[in-house]
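Please keep the sequence and the structure in view while reading.

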Amino acid sequence: MEVAHLTTRRKRYLSHAAVIAVMMLIGALSAHHQGQDLSWDLLNYHFYNPWAFVHGRMGFDYAPAGGGTYANPMLDVLDYFFRANFRPIIAGLCIGAVQGLNGYVVFAIAHLSLRKYLPDQRLRFAVSLGLGVASLFGATAYGEMGASQGDTIISLFVLGSLLLLLYAANSDNRNNARIQRLAAYALIGMAVGLKLTALVFAIPLIIAGAFIGDGIREKLRFGLQHVGAFILGILVIAGFWYAKMWALFHNPVFPYYNAIFRSPYLPPVNLSDTRWFPHTLHDKILWPFIIARLQNVAAEPLFRDPRLAIMLTTVAIAVVVYIIRRFIQGKSLRIELTDAILLVFVVLSYVIWQIQFSYYRYASPLEILSFTVVAVAAYKFMKSKIVVTVGLAALCIAATMYTVPLNFGRIPWQTENFGPNLSKQLSVVNNGIVLLPVRDPMGFLVPYLPKNTRAISVLGYATANSLQRQPIASAIQDAQKHGKQFYALISNQSLNTDPTAFTDVGYKVTKCQVLDTWITQYASAGRTWYSVCALEKIQA
């Protein structure tokens, strides 16, 4: 009996390892197919921030990536490791493979959630595998393969937390369930620490945890444990960064939520990108269906994805069917704990996401989980498992073919990240100080400057208060005192939008040298280019 048990467990481990390998392979091949990442966020701060963190540049440079300079660099450390140590194509394959693990987490969630509806283990495994594969071809999941945006890294933490919570809800071992619950909330806390947008999913998961436990007293005790583990997760991954931001700016999440923390370095307002919000009640109600058509109202590139519309429509139908059968027909229907947790997570996450952001890629965990939610509802309320399975397969294929993925900037695979021999091209600024009017993304160039060269953003210097101007003025005065040469990194757009960027600090542009970058060659059809320029002090 014991040998048979060990053999069964070994087979289970091997089958799960095979699923992991398949999902990572799909992720790597998807990244390869789309080409090299050259997105605005990568050029701005996703490459600069982890480099600055590793090389201790905080306080040496000053906001070369604008507000993005102050995002927690831990989200980008793995991405930076691959890009800094391997050729772009190898880095892209590795990043895509990690992102492909979302498919395995979806497989595991589906395999657990369908246990009572698909008792046939082989069919359940096959359906779960198909749902895992389908989850990797959404507009965000596929579009970010091998790219640096980080949403499909955050989704690993979010969906991993949901999976652990579902395991805890279905465990007969109270000690194991406790460990799984605490791990789940520590994991979602880490997600929030990496990126504040994960709060969208943390709140529903904390509420869903209230379904676990017997009686008010135990539920309250569990709730306190969950919140404690959640806070611990945040502090583990971001506590050091919050402390640094507090020391520098008196706001642990600078530059966000400044209406609460009131850092003197910014106006007391909460920053919000209002471009993506639906403005009418009609659009708010139909937002998932608006996203399902080709548009760019929920993200910068044109895209379409029907997954949220399909999932929420299915949930609405399932709720109506349950009400009819339970309260009108008088049938005894039990809501499984797993189903209740999924329902709360999906509905509350969507509502909070639309209220707070409405920006599509921030909803990546919902997109990735969508067909699993559809599958659970369909198998629960429909009798014919064959009809559901065939219909689900057809739906996944049709939706994948219909989807137009997000593309934030891709180019053919090159031998270097941003341009040929950028270190050599920028060697002219050795031991100088480089000023940047940060309109176009500039952060990607700073790691290629000589190590003893400081990069200082001067955007908005003239209109800033004295406290904001102080670090810039101090850096300029120190450089002048030591007789250092002043340079500028500019794009052809930056001086057009802010012609006084350097005159505000007492300098003017003289001789410039255009840099050879992939942005010039591929991304903008020659409409954008970068230059390194000598600066000359304006005589009074």
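## Cavities and cysteines

The lining of the second largest cavity divides into 2 nonpolar, 3 polar and 2 charged residues. Here Ala, Val, Leu, Ile, Met, Phe, Trp, Tyr, Cys and Pro count as nonpolar, Asp, Glu, Lys and Arg as charged, and the others, Gly among them, as polar. The model is predicted, and its local features need pLDDT of at least 70, side-chain atom pairs pLDDT 80 or more, while totals for chains, interfaces and linings use all residues. Residues are numbered from 1 along each chain, and side-chain values use heavy atoms, without hydrogens and water.

A cavity is a set of points on a 1 Å grid over the protein atoms alone where a 1.4 Å probe fits but cannot get out; lining residues have an atom within 4 Å of a point. The count is 2 cavities of 30 Å³ or more.

| Cavity | Volume |
|---|---|
| Largest cavity | About 50 Å³ |
| Second largest cavity | About 30 Å³ |

Residues lining the second largest cavity include Arg 83, Gly 146 and Trp 413. Among those lining the largest cavity are Lys 195, Phe 201 and Arg 361; by class, this lining has 4 nonpolar, 2 polar and 3 charged residues.

The model has 1 disulfide, meaning a pair of cysteine sulfur atoms within 2.5 Å. Cys 512 and Cys 533 form this link, with 2.0 Å from S to S. Cys 533 is buried (under 20% relative accessible area; exposed is over 50%, partly exposed in between; 1.4 Å probe, protein chains only), because its relative accessibility is 0%. Cys 512, at 37%, counts as partly exposed.

How values were computed
1 Å grid on protein atoms, 1.4 Å probe; cavity = no way out; pocket = protein on both sides within 12 Å on 5 of 7 lines; lining within 4 Å. Points joined across faces, edges and corners; volume = space filled by probe spheres on them.
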